[in-house]
2 protein chains.
Amino acid sequence: MQELDERKRKILNAIIRNYLDTGEPVGSRTISKYSDLNLSSATIRNEMSDLEELGYILQPHTSAGRIPSDKGYRFYVDNLMKEKNQQVSEMKEFMIEHTERMEQVLQQMAKALAENTNYTAMITAPSYHRNKVKFLQLSQVDKEQLLAVIVTEGNLVKNKMISTREALDNETLLKLNILLNTSLNGLSAEQINLGTIARLKEQAGIHSNIVSDVLDALAGVFQEDEDLEVYTSGTTNILKYPELSDSRKASELLNAFEEKKQLVSLVNETLSSEEQTGIQVYIGDESPIQNMKDCSVVTATYQLGEGMTGTIGIIGPKRMDYENVMDNLKTLKSQLDAVFQNKKEN
Amino acid sequence: MQELDERKRKILNAIIRNYLDTGEPVGSRTISKYSDLNLSSATIRNEMSDLEELGYILQPHTSAGRIPSDKGYRFYVDNLMKEKNQQVSEMKEFMIEHTERMEQVLQQMAKALAENTNYTAMITAPSYHRNKVKFLQLSQVDKEQLLAVIVTEGNLVKNKMISTREALDNETLLKLNILLNTSLNGLSAEQINLGTIARLKEQAGIHSNIVSDVLDALAGVFQEDEDLEVYTSGTTNILKYPELSDSRKASELLNAFEEKKQLVSLVNETLSSEEQTGIQVYIGDESPIQNMKDCSVVTATYQLGEGMTGTIGIIGPKRMDYENVMDNLKTLKSQLDAVFQNKKEN
DNA sequence: TGTTAGCACTCTTAAATGTTGAGTGCTAAC
DNA sequence: GTTAGCACTCAACATTTAAGAGTGCTAACA
C-alpha cells in the first residue's frame, strides 16, 4: 500500500518540476495543460487539495498556486527524480593540467562546479584521520637558521624554521636527524606522549630546545589536519534566486560562506552518515546549519582509501535542480578520485 | 588664491561629515543648525549653489539635499580631514599569539580590520620581487619517493614530491644535493637559463629527469611569487550600506572579492604609486577596478626592507569614515612590520 | 462514482492617484 | 551681505482601484 497512487505522483512530479523552473507557485490550470494526463483543472484541483492535506505541497496564501513543502521535495528526491545517465561532463579540461598545488585543483573544481550548476559550491581538502610521522629532517639553511621538514604517511609535508644561536656542525646535525627519525617514525599524535618526549630530550642533551621546536611543528601538522580547509566558489550565485536574495537572508548565508568554520559541521555530518560513499541531501531544516534553513544542501564524500576523505557540496535554493546537481557531484567525485590516485603530493 | 574661501570650506566640510553619518542628502537647513557659523538656511543655500557650480557637491534630483561628488570627497580627504592622533588600537591582542602560519595571521588581521571598520578588508602576503635560491635539498622519503625542499632568500619554503623507479643510494643522493646547491644557489629566476639547465642535466647523468623535476618545482616557487595570495574579510559588510546593497551592485562587488584576481590590480596600482610607504585613496572612478566605481578604496603598503612588500586595503562606500579607516590602516601597517620583523618563517 | 464546467470568492500585484514634507530658487526687505 | 518669506518641485509613502490568477464548491454529466 502506498500513500500516493500513480496519478498523485504524476501530479506532484509535475508541480515540483514546474516550480523548479519558474520559482512561482503553480496552479491547477498549468498542470492541466503541462502534464500529459489529460485532466481538467478542476480534477487537478481536487488532487492538489489531497496532496496538500497529506503535506506534500502548500499554499503561500489562499488562492495562490501550490509550492512543494520540504516533505514534497524529499519525496521527489527519493522517488520521483530520474537518475541521469552519467553524461560526459566538460569538467575534465579544467582539471589536472599541471596544477601544481592541490589547493588550486580544489579551488578550480569548486569554480567549475559553481559555474556548471549556478549554485554555490564548497569543497574540502582530503584529510587523514589518523596520521603518522613518516620522515623527519633538519637542515642547516644559514648560519642561524635550521629548517625542519616533516613528512607524514599521507605525504603531507610541513616546514618549520628554527632559529639557533650558532650553526650546528654536520655531525651533530646527523646525530639529531637519526635520533629524531628513530624515535618518532611511525608514531601518531596520540602515541607521542610525555614519556617519549622526555626520553627524546634527554638524549638530545644540550640541543633539547631544538627538539622542542620540532615537536611544536609536529603538533602543528596534526592540528592542521583537524581544522580542515574549506574552499568555496560561486557564493554570489545565491543572489540570483529571489527567495534567497533579500538582504537579511543573503547576508546570513554569505556570512556562513565566509566564516568557513560553520561549513565544517556540514562535513562532519556527512562523514558520520551511514552510507559514506553516497550522496547526502539536506532539505531546508534538515541541514545542520541554521542559516541554511531556506536552502537545500547536497554533499558527497570522496574517498581515497587509507581513511583519507574529503567532501564536496552544493548549496542552493530548495527548488534546486536536484538531478543536475547530483549528476555533477557524482562525476566530480569520480574524477577527484582519479586525480588523487595519480598524485598524492602536497 | 584659493578656489574655496574659508566659509565655503566650512560648509563643504559640514555637508560631507553629515553625509558620512547619515548617507542621506543633506539640506541647507540642517547645515544652518549643525554648523557653528551662525548663518540662515538661505545663506547656506546660496553658498551651496556656488559649491555645486564648482563641482564639489551635487543634487540627486531637484529639490533634494546635496551629496558630495567625487571631487568633493577628494578635497575632503586632501584638505579638510583631520589627522587622528594614533590612538592605541585593540588589535594587538588578536595578533601573533602563537599563530603558526602566516596565512592565519593575515586572515586574522583582515578580520580584525573588517570588524573594526565595518567595511571590507583585503590583505596580501608579503612577496619578494626578486627571489633567489638559498638552499636546496633532496631526501629519500620512502622507496619510490624523493622529497625536494627549496628555500629562498626570503625564507619561503617549497616542497615537491618526486617519484622515482627505485631508491637512490645515499652516496648518489649526496652528490646530487651538492651538484644542485653549487649550481643553483644564489640564482634568481632570470638567471636560470637554458645553458644552466643543460649543464646541470649533463652533470646529473642518468638522474637528469630528477633534475628536471627539481627545476619544475623551482619554477613553481617563482611563479607562486607572481600570482600573490589575497585574503579578504567582511565582504558582506557592503550589504550594510543601502547605496551598495542593491542586488546588481552587490553581486558585482562580491564577485570581485571572490575572484581575487581582480584585486591584484589594486595592489599593483598601489605598488607603482610614487609614495610607496604612504596611504593611497581611490574615490569612485579613480579606482582601477571598474566594479568599484561606487566605492572608495583605501590601501597601504607595508614593507620589510629587502624589497619585500604587501598591501592592506579597505573597500567601502564613498561615504566611508576616512579618518577612522586611515587611522586603522596606519596602526595595522606598523604592527605588521613588527610581526614580520620577528618571524620570517613560512 | 469519477470527471468536468461554471461561478463566486479571495488575495496578490501593479498601476493610478492623492498627500506629505523636505528642500530649493527667487525676490524683496533689512 | 544677510535674511525672511513664498511658490514650486519632487521623492516617498499611503490609499485606492483594477486586473488576473487561483481556489473551493456545486451541480451536471458519462
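Let me open with how the two protein chains meet: 100% of the interface residues of chain B are also interface residues in chain A, so the copies meet through the same surface. Please note that this is a predicted model, in which local features need pLDDT of at least 70, side-chain atom pairs count only at pLDDT 80 or more, and totals for chains, interfaces and linings use all residues. Residues are numbered from 1 along each chain as its sequence is written, while chains are lettered from A and ligands numbered from 1 in the order in which they are written.

The contact involves 28 residues of chain B and 28 residues of chain A, where contact requires C-beta atoms, placed from the backbone, within 7 Å. On the chain B side, the elements giving two or more residues are β4 (133-142), β5 (145-152), β6 (157-163) and α9 (247-258). Helices (H or I, at least four residues) and strands (E, at least two) are DSSP runs, numbered from the N terminus. By class, that side of chain B has 10 nonpolar, 12 polar and six charged residues. Here Ala, Val, Leu, Ile, Met, Phe, Trp, Tyr, Cys and Pro count as nonpolar, Asp, Glu, Lys and Arg as charged, and the others, Gly among them, as polar.

Chain B is superposed on chain A by a rotation of 179 degrees with 0.0 Å of shift along its axis, at an RMSD of 0.2 Å. That is the relation of a two-fold axis.

Most residues other than glycine have a negative phi. B:S63, however, has a positive phi near 55 degrees. B:S63 is found in the loop between β1 (57-58) and β2 (67-68) of chain B. Is B:S63 buried or exposed? B:S63 is exposed, with 6 other C-beta atoms within 10 Å; buried means 20 or more such atoms, exposed 12 or fewer, and partly exposed in between, with C-beta atoms placed from the backbone.

Conventions:
Copies are superposed by least squares on the C-alpha atoms of residues with pLDDT of at least 70 in both.
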